[in-house]
Amino acid sequence: MLIRTHSLNPYYRFMITNHKIQKSPFFLSPQLPLKWVLELSKLNSTAFKVGTIVAYLVILLKKREISLTSKKLMEFGVSADQKKRALKDLENSGLISQRSLHGKNPIVSVNFIGEYSWQEDKLPN
C-alpha cells in the first residue's frame, strides 16, 4: 500500500510502503523506466519532445504500437519535418522502433516494453 512518494533524489522516486523506503527505477509512471528517459535526455530537444509524446501515447492508449500522425504531434507544436528527423534520431539511439510505408504514417513502438512481461497490446495496471 502506497502511503507517499518522495522525490529526494532527482533520479529516483522513493516509495514509502509499510514504513520502508524502496528505490524505484521509473520516471513519473511505473510503465516509463528511468533508464529510457535518461537515454532520451541525451538527444536533441525535438527528439526529446517526440520521444516523450510517443511514450505518453503508448502508455495512455495501452498499446504496444501506435500510428504517429502529424496531426497528433501538431497539438504539441511539432511539425511533420521535425517529426521525421526526431523519429530517425530516436530509432538510431535504439529508444524506438518504427515501420512505415511511403506516404503512410509510421507505426512506432517504444523499446522499453521488452523490459516487462506484458500481455499482448496491454500495459500493466
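Two strands are taken to pair if DSSP finds at least two bridges between them. Helices (H or I, at least four residues) and strands (E, at least two) are DSSP runs, numbered from the N terminus. The model is predicted: local features need pLDDT of at least 70, side-chain atom pairs count only at pLDDT 80 or more, and totals for chains, interfaces and linings use all residues. Residues are numbered from 1 along each chain as its sequence is written, and side-chain values use heavy atoms, with hydrogens and water left out.

The chain contains four helices and eight strands. Along the sequence they follow the pattern β-β-β-β-β-α-α-β-α-α-β-β. The chain has 125 residues, of which 32% are buried. Here buried means under 20% relative accessible area, exposed over 50%, and partly exposed in between (1.4 Å probe, protein chains only). A contact requires heavy atoms within 4.5 Å. Among contacts between residues at least 6 apart in sequence, 45% join residues at least 24 apart.

Strand 7 (residues 96–99) runs antiparallel to strand 8, and four bridges join them. Within this pairing, Arg99 has Ile107 as its bridge partner. Strand 6 (residues 65–67) also pairs with strand 8 in the antiparallel sense, over three bridges. Here Ile66 stands opposite Val108. In a regular strand the side chains alternate between the two faces of the sheet.

Beyond its neighbours within four places in sequence, Ser109 is in contact with Arg64, Glu65, Ile96 and Ser97.

Leu73 lies in helix 3. Leu73 counts as buried because its relative accessible area is 0%. Residues up to four places away in sequence aside, Leu73 touches Ile53, Leu68, Val78 and Lys83.

A pair of aromatic rings is described by the distance of the centres and the angle of the planes. Rings of Phe, Tyr and Trp (its six-membered ring) pair if their centres lie within 6.5 Å; planes under 30 degrees apart count as stacked, over 60 as edge-to-face and the rest as tilted. By this rule there is one aromatic pair. Tyr56 and Phe76 form it, edge-to-face, at 6.5 Å centre to centre and 75 degrees between the planes. Tyr56 lies in helix 2 (residues 45–61) and Phe76 in the loop between helix 3 (70–74) and helix 4, so the pair ties together parts 20 residues apart in sequence. Tyr56 is partly exposed, at 44% relative accessibility. Phe76 is partly exposed too, at 37%.

Grid points are joined across faces, edges and corners, and a volume is the space filled by probe spheres set on the points. The largest pocket holds about 250 Å³ of space. Its lining includes Ser70, Asp81, Lys84, Gln98 and Pro106. Helix 4 (residues 80–92) supplies the largest share of this lining, six residues. The lining divides into four nonpolar, three polar and five charged residues. Ala, Val, Leu, Ile, Met, Phe, Trp, Tyr, Cys and Pro count as nonpolar, Asp, Glu, Lys and Arg as charged, and the others, Gly among them, as polar.

Methods:
1 Å grid on protein atoms, 1.4 Å probe; cavity = no way out; pocket = protein on both sides within 12 Å on 5 of 7 lines; lining within 4 Å.
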